[in-house]
Amino acid sequence: MEEYKLIADHLTYSYGKGSGRERKALDDVSFVLRKGEFVGLIGHTGSGKSTLVQQLNALLKPDSGTVFFEGADIFEKDYDRKALRGKVGLVFQYPEHQLFEETVFAEVCYGPKNIGMDRKATELAAYAAIKRVGLEDEVFDQPPFDLSGGQKRRVAIASVLAMKPEILILDEPAAGLDPAGRMDLLSMIRELKEKEGITILMVSHSMEDVAEMADRLMVMDRGKLVFDDSPAKVFSHVEELEEMGLAAPEMTYILRDLKAAGFDVDPSLITLKDARDTILRCMTGEKA
Amino acid sequence: MKKKKEKKSEKTGGNNAVSKKETAGAGVFLDISGLRYEYIRRDEENNVEGITTAVDDVSLKVRPGQFIAILGHNGSGKSTLAKHINAILMPAEGTVTVDGMDTQDAERLLDIRRTAGMVFQNPDNQIIGQVVDEDVAFGPENMGVPTKEIEERVEESLKILGMWNYRDASPNRLSGGQKQRVSIAGVIAMHPKCIILDEPTAMLDPKGRYEVIRAARALNETEGITIILITHYMEEVIHADTVFVMDGGKLKMSGSPREVFSRVEELKEMRLAVPQATELAWELKKAGLDLPDGILDRKELVKALIKCGRSDGRI
């Protein structure tokens with residue numbers, strides 16, 4: 001039986017309440033995260049993605065609705081929200097701007113120490129997390145500020161991983177990285193899911209990235225969750241996505257154009273590899 | 001600042017990049033010669049701990065009115081190079097000349113900054129006004145432009161960027177793409193001859209990216225402003241006149257987008273990518289399909305595949 005790690009139950013939230021310029025950031029949003037899933041979350045700027053992810057680890061309280069983590073209501077009065085922030089780890093956008101400790105090791109120790117791990121457990125967890133994100137031993141004693149952009153990003157992710165999260169939420173983890181840096185970071189995130197069974201929720205502006213990575217894709221538009229389905233199904237709604245300021249992956253557009261030109265290709269495919277295979281089958285296979 | 005340059009229509013076929021270059025103005029707008037720049041790390045006692053050469057013997061020339069793109073992985077030196085163009089950084093060796101002014105000539109510093117305006121990655125760090133038109137007025141105000149003319153410039157700039165309807169809005173209430181267009185309007189209001197955009201779309205959603213790139217192209221084509229675009233998004237550079245590729249502080253490639261993107265393997269070695277359509281075309285060609293080199297976008301790929309399919313009698 002599939003296990004629901006987290007349930008978002010009718011979340012609603014407005015900014016600027018009572019100011020006369022109230023703006024609904026979340027409008028009745030419900031979904032589940034199952035154990036070990038990789039879920040993508042897309043939406044235009046201001047669609048409510050960041051508001052949503054902050055509610056999932058109780059940084060922001062919804063106006064109505066609630067979030068259940070492993071069956072318990074996280075906004076209940078006596079719920080241990082400090083421990084929750086270790087279990088539902090949130091990596092913000094441009095997390096490297098929030099680094100502050102003198103060394104990489106101290107930086108990564110901060111999170112586990114803060115949620116109450118003892119010193120030995122903290123140091124072991126920090127060591128493992130730094131290795132896990134692929135940083136070399138030499139960086140342990142370096143100030144995080146001396147590292148490159150991609151390395152800093154890894155330190156920030158390590159400092160969340162050190163708290164041993166069961167769900168890892170990443171808000172545009174690859175933004176601003178170069179193409180190879182993106183690929184490295186994304187494959188590291190995929191490994192966290194595949195090798196360690198961590199449930200991943202990744203916010204992204206890159207349709208190509210979520211097409212390659214996600215098992216399931218959720219789409220936000222003006223505070224509402226409008227799609228929650230397999231990436232292939234979501235990306236078949238090309239026109240609706242474009243109206244929301246989003247797009248389909250480039251491969252989907254190419255395959256749709258080819259289909260319209262009379263090629264026998266499958267236009268529901270979304271990744272480069274699948275697009276290549278369907279085109280090759282149609283161009284070099286047995287003629288119909 | 002009005003339409004002063006005539007450009008051929010934007011078609012992706014043929015030797016477009018070369019022909020466009022010929023329509024750009026004569027002479028040299030930007031001349032970088034033997035540029036070298038080092039970041040020196042020091043410890044607490046001010047002893048040198050290490051030296052990183054960020055830009056290593058780079059020479060390049062840009063003609064007035066060109067649309068230039070600079071590619072390179074993080075740490076390749078492209079932003080350091082860009083910061084030399086409006087004299088934020090000074091060369092350790094070599095010279096940078098902008099519109100005839102040497103960037104090391106301290107007396108010309110303000111003129112250089114007015115000539116080459118810069119737009120950065122994060123719009124939130126660049127907007128200071130409480131209201132959009134106030135933000136755009138900040139630059140010309142600082143330059144001592146008379147009030148009447150400031151108003152004209154603000155109107156003109158916001159109209160060019162399609163943000164005039166938002167002139168009374170609070171920047172906080174704009175989308176990322178809109179904020180970035182306000183940042184660009186603020187630079188335009190200073191009437192620069194050149195705009196340097198340092199990863200202007202890195203934080204934007206697809207629509208925001210499209211808006212900003214379209215605005216940059218329009219400024220280039222209708223206003224004749226020289227554009228220097230630094231980006232990681234390969235799709236954004238396919239309309240550039242010339243693409244420069246930096247790696248390890250050195251200038252490794254230069255040419256039209258078609259020339260540069262034909263070298264898929266070399267780009268990959270430099271930890272870069274090519275546009276998705278180019279990559280798919282390259283994969284298909286490797287698998288034996290008869291496709292031309294350097295396909296740049298989806299339209300070209302579909303056209304080439306249709307040609308290929310017809311000659312094979314498959315469609």
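Four residues, Val108(A), Leu168(A), Ile200(A) and Phe235(A), touch the most other members of the largest nonpolar core, which has 52 residues. Such a core is a set of buried Ala, Val, Leu, Ile, Met, Phe, Trp, Tyr and Cys residues joined through side-chain atoms within 4.5 Å, with buried meaning under 20% relative accessible area (1.4 Å probe, protein chains only). This is a predicted model: local features need pLDDT of at least 70, side-chain atom pairs count only at pLDDT 80 or more, and totals for chains, interfaces and linings use all residues. Residues are numbered from 1 along each chain as its sequence is written, chains are lettered from A in the order in which they are written, and side-chain values use heavy atoms, without hydrogens or water.

- Domain 1 (1-79 + 167-181 + 188-237) and domain 2 (96-165) of chain A both contribute residues, so the core lies between them; the bounds come from an automatic or database domain assignment.
- Another core, of 48 residues, lies apart from it and includes Ile127(B) and Leu267(B).

**Helix α10 of chain A**
- Among the buried residues of α10 (residues 250-260) of chain A are Met251(A), Tyr253(A) and Leu258(A).
- The buried residues of α10(A) pack (heavy atoms within 4.5 Å) against α7 (207-213), α8 (231-235), α9 (238-243) and α11 (272-284) of chain A, together with α10 (276-286) and α11 (298-311) of chain B.
- Gly262(A) follows α10(A) and has a positive phi, near 105 degrees.

Key
Buried < 20%, exposed > 50% of the residue type's maximum accessible area, 1.4 Å probe, protein only. Helix = DSSP H or I, 4+ residues; strand = E, 2+ residues; numbered from the N terminus.
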